[in-house]
Structure formats: C-alpha cells, structure tokens
Amino acid sequence: MNISIRTKLVLYFLASILVPTLIITSIVYVRSTSIINKKMNTLIERNIDSARLIVEQRLEFINELTTLISINPDIKNVLSSDPTADMPVNIREIITLDRALDSYYLTNYHVFTNSSAVPKIYMVNKPNYARYDLSTKIHDISEAEHNPWFSQLKDKSMVVVNNQPNDQITVARKLYDLKSADRVVYAALLTIDMDKKYFNSLLSSYKASPGTEIYILDENNSVILKSDSATMDSLKYLESNISDKKLELLFDTNHITKRDTVNGRSTLISTGEMRSLNWKIISFTRVNEINADQNNLNHIVILLLSVCMVVALLTAFALSKSISKPIIKLVKSMATVRDHNFEIKLDYKKKDEFGYLIGQYKLMIGQIKELINQLYTSEANKQKAELNAKDAELRALQSQINPHFLYNTLDSINLYAVKYNVPVISDMITSLSNFFRYGLCKGKSVITIEEEIKHMESYMEIQNMRFKQKLKYTINIPRDIGKYQIVKLVLQPLAENSIIHGFQTSSREWILTISGRIENDNIILSVTDNGEGGDVCRLNALLDSDEIRNESIGIFNVHERIRTTYGKEYGLHYYRNSDYGITAEVVIPCTRMGGTLNDNSTIG
C-alpha cells in the first residue's frame with residue numbers, strides 16, 4: 001500500500017476501534033432484541049393464561065357455591081315442602097330461604113374483594129310467594145323467564161351466561177325437590193349475578209403493557225369481558241375477523257403470539273380457550289410500547305458511538321502526527337546520508353523511544369564517519385582491533401545502569417507533563433517520586449516521624465488522585481513530634497489497609513485521619529477511617545497470633561517490626577469507632593533522632 005505511515009496509523013487505529021465496536025454493537029442489538037421479543041412473547045402468553053385461569057377460578061368458585069346452596073338443609077326442606085295458600089307457612093318459608101341465602105352473600109368472601117354478588121332463588125311451584133314482598137332474593141320463576149338467557153336452561157341444569165342488559169355475568173342452576181326417591185322434581189332456579197367491572201379489573205391486572213387490551217368472548221363470539229384499556233380499534237378488528245370467519249384461525253394456534261396490523265399499528269396478538277365454558281380469551285399488545293425503552297437505549301448507544309468515533313478520529317490524527325513526525329525527520333536525514341553527506345542536523349529533544357532511536361542513529365552516523373576515516377588511514381588488522389575495542393566499549397556502556405535511573409525517569413515524565421500542561425500527571429508523578437524517595441531513605445530502617453509523614457502524604461496524594469477526590473484525608477500531628485524516630489513504613493500500610501478493606505464497599509465520603517500525641521513518654525499515632533469497619537477482635541487476635549494469614553501480613557509485619565525494635569510492650573492495636581469505621585493505634589517510645597524542636601504547630 002503506497003500510503004504514508006501517518007495514514008496507515010489512522011486507518012489501523014480506527015479499524016481496531018470502529019470494526020470491533022460495530023460488530024459487538026450489532027451482535028448485542030440483534031441478540032438483545034431477540035431475547036426481549038422472546039421474553040415479551042412469553043410474558044404475554046403467561047399473562048393471558050393467568051387471566052384465563054383466574055376468571056375460570058372465580059367462576060368455578062361460584063359453581064361450588066351454588067352446589068353448597070343446593071344442599072343447604074333449610075333450602076332443601078323448603079323445596080321439598082308442598083305448595084300451600086297458608087300465609088304464615090309461606091312467610092316462614094320465605095324468611096328461611098332469605099336467611100339461608102344471606103349466609104352466602106359474596107362480599108364476605110376474600111376472592112371477591114371490592115365486588116358483590118347476591119344469590120337469588122326463583123320458585124317454580126309456589127306462586128303464592130309472589131303475594132308477599134318480603135325479600136329481594138326470593139322471586140317467582142315468571143320473573144326470570146323474560147331474560148334472554150333463560151332459554152339456554154332448557155336442556156341444562158346449569159349455565160354461565162352473559163347478562164348483557166344488566167352488564168353482569170349470571171350463573172344459573174336448577175334446584176330439585178329430592179323428597180321422593182322415585183322422582184326428581186324441578187323446584188327452583190338459583191342465580192348469582194356478578195358485576196362485569198370486577199372481572200374487567202381482574203383482566204387489567206394481567207396486562208403486559210399499559211396499553212395491552214384483553215377480551216373474553218362467549219360461544220357466540222360476543223365480547224363478554226374486557227380490560228379497562230379496551231379501545232374501539234381492537235373491537236373493530238375483532239368484529240372484522242368475526243364477520244370474515246377469520247377468528248377461528250387465530251385460535252387454531254392457541255397460546256402462540258402472532259403479529260398483525262391493527263389500525264395501522266403493529267400488534268402482538270395472543271389467544272387462549274376456556275374450554276370449560278366454551279369461551280375464548282384474546283389480548284392485543286402494541287409493539288411500539290414494549291420496544292419504547294429499547295429504542296431509547298438504541299438512540300443513546302448511537303449517540304455514544306458517534307461521540308466515541310469523533311474522539312477516536314481526533315486521537316488517531318494526533319497520535320499519528322506525534323509518531324510520524326520524528327520518523328519523517330529520520331527518513332530525510334537518511335536520504336542525505338545515502339548521498340555520502342555525514343554532516344547531519346537532526347534535533348529531537350524528547351526523551352522517548354524516538355529520542356533514543358535518533359540518538360543512537362546520530363551516534364551510529366558519527367561512528368560510521370569515524371570508521372570510514374579509519375579505513376582510509378589504517379591497516380585491516382588495526383581496523384579489526386579498533387572495531388573490537390568499540391564493541392567492548394558499547395558492552396561496557398550497556399552494563400552501566402545509573403542507580404538513580406528510576407528518579408530520573410520519573411522527573412523526565414514530570415517535565416513532559418508540565419510542558420504539555422497535564423497537572424494531574426505531574427502531581428501524581430511528583431507524589432510517586434517522593435513516595436519512593438522517602439520509602440527508600442537510602443536504605444535506613446529507622447527514620448524521623450516527619451519523614452514518615454511526608455512518605456504518607458505522597459501515598460495519600462496518589463490515592464486521592466486515583467479515587468478522584470472521593471478520598472479525604474487529614475494529618476494532625478504536632479510538629480514537636482516530627483523529630484522523634486520511628487520504624488520506617490508504619491503508617492502507610494495502615495492507611496492502605498483502611499482503603500482496601502474499609503472503603504471499597506462504603507457509599508459514604510471516605511475520610512482518613514492521621515493524628516498523634518505524646519502520653520506517658522510514649523508516642524501514640526492513630527489512623528482512623530469512617531469505612532465499613534471490621535472485626536477488631538479478630539484483627540487484634542491475628543496480631544498476637546503466630547499464624548500469619550494473607551489478609552493480615554501487612555499489619556502483622558508493622559506490629560512485629562515495632563516490637564522487635566522497641567520491645568514487646570509496644571506495637572499496634574485496633575479499636576472500633578463510636579460511629580463508623582475503626583482506628584489503628586501505634587504506640588512507640590519517645591526517642592529523638594537528634595536536636596530539639598520547640599514548636600506547637602502541626603505537621604500536615
């Protein structure tokens with residue numbers, strides 16, 4: 001490919017980001033869409049099945065209730081009694097029936113909360129009951145014969161019908177006089193009327209989305225029940241399919257969700273059958289409702305991808321320029337060397353890989369120039385000896401590694417951070433450099449408390465930048481304590497232990513307090529955190545135990561070094577705070593490194 005290295009870098013950089021991102025996004029989108037659709041279909045099917053079962057359960061309860069009423073002894077006695085014109089007898093029987101039915105008043109049953117259904121009895125062979133207006137629940141059979149559903153009882157002992165004029169569901173059951181063993185006499189009709197609004201609210205509780213519509217159809221494909229969100233669009237769709245003889249096709253695939261267009265909108269349609277009643281149940285769910293959240297997520301993902309691509313493109317151009325610029329300079333210089341011009345002028349002051357490469361290149365050109373001069377003035381053996389000497393010199397130079405290489409490297413990085421105005425990197429590098437300087441302390445194992453605090457400050461500054469200002473720390477140690485000696489690396493492991501074990505799961509603002517005081521010729525240094533705390537009894541037990549565990553090796557090392565240096569009566573101990581977190585307390589003797597300092601100010 002005859003294109004520049006800068007263009008290649010841009011293309012490779014974009015390809016390494018853009019192609020995988022697009023592939024991953026596409027796969028995630030397709031897969032998530034498929035999973036969401038499957039789960040939504042399953043949810044719709046489960047909801048419609050649950051709605052079917054709950055309606056059947058409520059109606060089955062009514063069926064069982066009619067059975068209980070039919071075997072009630074008081075009611076059976078009245079049904080078995082002979083018709084009479086005796087007024088006291090008729091009144092007594094009416095009152096008996098009324099009281100018996102009162103015990104089955106459905107508002108007393110938890111399954112019909114916020115709804116009522118009153119049982120009624122229509123007597124067949126006792127027309128004299130109509131003369132007494134004593135009960136709203138006891139009637140003559142003539143009052144039921146005008147209902148449209150009455151004809152359905154001709155060949156059946158029980159029916160569940162749509163009492164459309166009264167907006168009710170009616171369960172009707174024939175009651176028989178069983179006083180004679182050789183004959184069964186149709187004596188009364190028992191009915192229980194239930195408000196459709198109760199069942200409609202039941203259906204509404206099983207909607208897959210706020211706009212989902214659920215309908216129940218009777219054996220004549222008439223809408224009996226519907227959820228609260230029912231609209232004319234879905235009703236028109238049902239009427240159209242009924243008139244076109246297409247409704248049976250929907251119910252051929254029972255519990256399989258199908259997609260169709262209802263009033264110009266894509267809709268998921270799920271069906272079921274209530275075989276015990278010969279009814280059908282069907283639900284309509286708008287696709288745009290269940291995909292609304294996914295569409296919003298897609299828009300956000302596309303926006304983020306666009307922003308990332310723009311940032312990636314700008315970064316690619318900047319990176320390619322910074323890489324290609326020194327290479328171009330090097331190539332131009334090589335072109336002059338190819339023309340036997342060894343007087344090169346190549347300036348590159350950055351101390352990175354290109355700086356090393358250009359430096360070695362310039363060194364190589366100088367050596368080549370010198371070697372060429374030697375080839376014209378020396379014999380072959382002398383040239384070979386000189387080459388061997390140069391090789392030995394190079395090897396000696398390679399073996400010489402400055403012990404201050406780490407500090408010089410960190411200082412160089414700091415200079416570049418300052419030069420390119422990146423204060424965060426500069427602060428972190430400075431803190432890291434100070435951290436290593438105070439940590440090494442020229443191999444000393446005992447240092448001043450002031451040096452220990454400076455080492456601690458460098459560590460805390462690094463952690464503070466790492467956790468983006470979430471971590472707050474305070475150092476409150478009187479300055480007159482600073483000249484006393486302490487074993488190196490005591491406070492930093494304790495602070496690190498608080499950060500790792502105390503703060504990582506805490507949702508509060510992280511606060512670490514380092515304090516010190518002199519008490520009874522001893523120096524007491526405390527590291528207090530407001531984290532999630534810990535088992536201080538277990539921590540103290542670990543410090544006094546000879547068994548070292550992985551999670552306690554740091555604090556155990558601090559405790560042992562203090563006791564080895566100052567004696568068994570000194571060391572580390574943990575306390576639980578009164579509100580949050582724990583406190584690590586170090587006790588050491590007052591031992592000065594030398595000199596006297598009378599100052600009441602504090603360190604930190």
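A polar contact, as I use the term, is a pair of N or O atoms within 3.5 Å; within protein, one must be able to donate a hydrogen and the other to accept it, and residues adjacent in sequence count only if both atoms are side-chain atoms. The side chain of T285 makes such a contact with the side chain of T212, at 3.2 Å.

Before I go on, a word on the basis. This is a predicted model, in which local features need pLDDT of at least 70 and side-chain atom pairs count only at pLDDT 80 or more, while totals for chains, interfaces and linings use all residues. Residues are numbered from 1 along each chain as its sequence is written, and side-chain values use heavy atoms, with hydrogens and water left out.

Let me turn to the chain. Its secondary structure comes to 16 helices and 18 strands; helices (H or I, at least four residues) and strands (E, at least two) are DSSP runs, numbered from the N terminus. Of the 604 residues, 39% count as buried, where buried means under 20% relative accessible area, exposed over 50%, and partly exposed in between, with a 1.4 Å probe and protein chains only. Among contacts (heavy atoms within 4.5 Å) with a separation of 6 or more, 62% are between residues 24 or more positions apart.

I return to T285, found in strand 10, residues 279-286. Is T285 buried or exposed? T285 is buried, its relative accessible area being 0%. Leaving aside neighbours within four places in sequence, T285 is in contact with I44, A208, S209, T212, S266, T267, L268 and I290.

Next, the helix pairs. Two packed helices are described by the angle between their axes and the distance between the axes. Here the axes are lines fitted to C-alpha atoms, for helices over the stretch in contact, and angles run from 0 to 180 degrees between N-to-C directions. Angles under 35 degrees count as roughly parallel, over 145 as roughly antiparallel, 65 to 115 as roughly perpendicular and the rest as oblique.

Helix 2 (residues 73-80) packs on helix 3 (residues 87-102) at an angle of about 150 degrees, with the axes 9 Å apart. Helix 2 is therefore roughly antiparallel to helix 3. The contact is made by D74, I75 and V78 of helix 2 and by E93, T96, L97, A100 and L101 of helix 3. By class, the residues in this contact are five nonpolar, one polar and two charged; Ala, Val, Leu, Ile, Met, Phe, Trp, Tyr, Cys and Pro count as nonpolar, Asp, Glu, Lys and Arg as charged, and the others, Gly among them, as polar.

For helix 13 (residues 449-466) and helix 14, the axes come within 9 Å and cross at roughly 25 degrees. Helix 13 is thus roughly parallel to helix 14. Helix 13 contributes E452, I453, H455, M456, Y459, M460 and Q463 to the contact, and helix 14 contributes L491, Q492, A495, E496 and I499. These residues divide into seven nonpolar, three polar and two charged.

P493 also has its place in helix 14, residues 491-503. P493 is buried, with a relative accessible area of 17%. Its C-alpha atom lies 9.3 Å from that of N557, 64 residues away along the chain.

Finally, helix 15 (residues 536-544) and helix 16 (residues 553-566) pack at about 55 degrees, their axes 9 Å apart. The two are therefore oblique to each other. L539, L542, L543 and D544 of helix 15 meet I555, F556 and H559 of helix 16 in the contact, which has five nonpolar, one polar and one charged residues.
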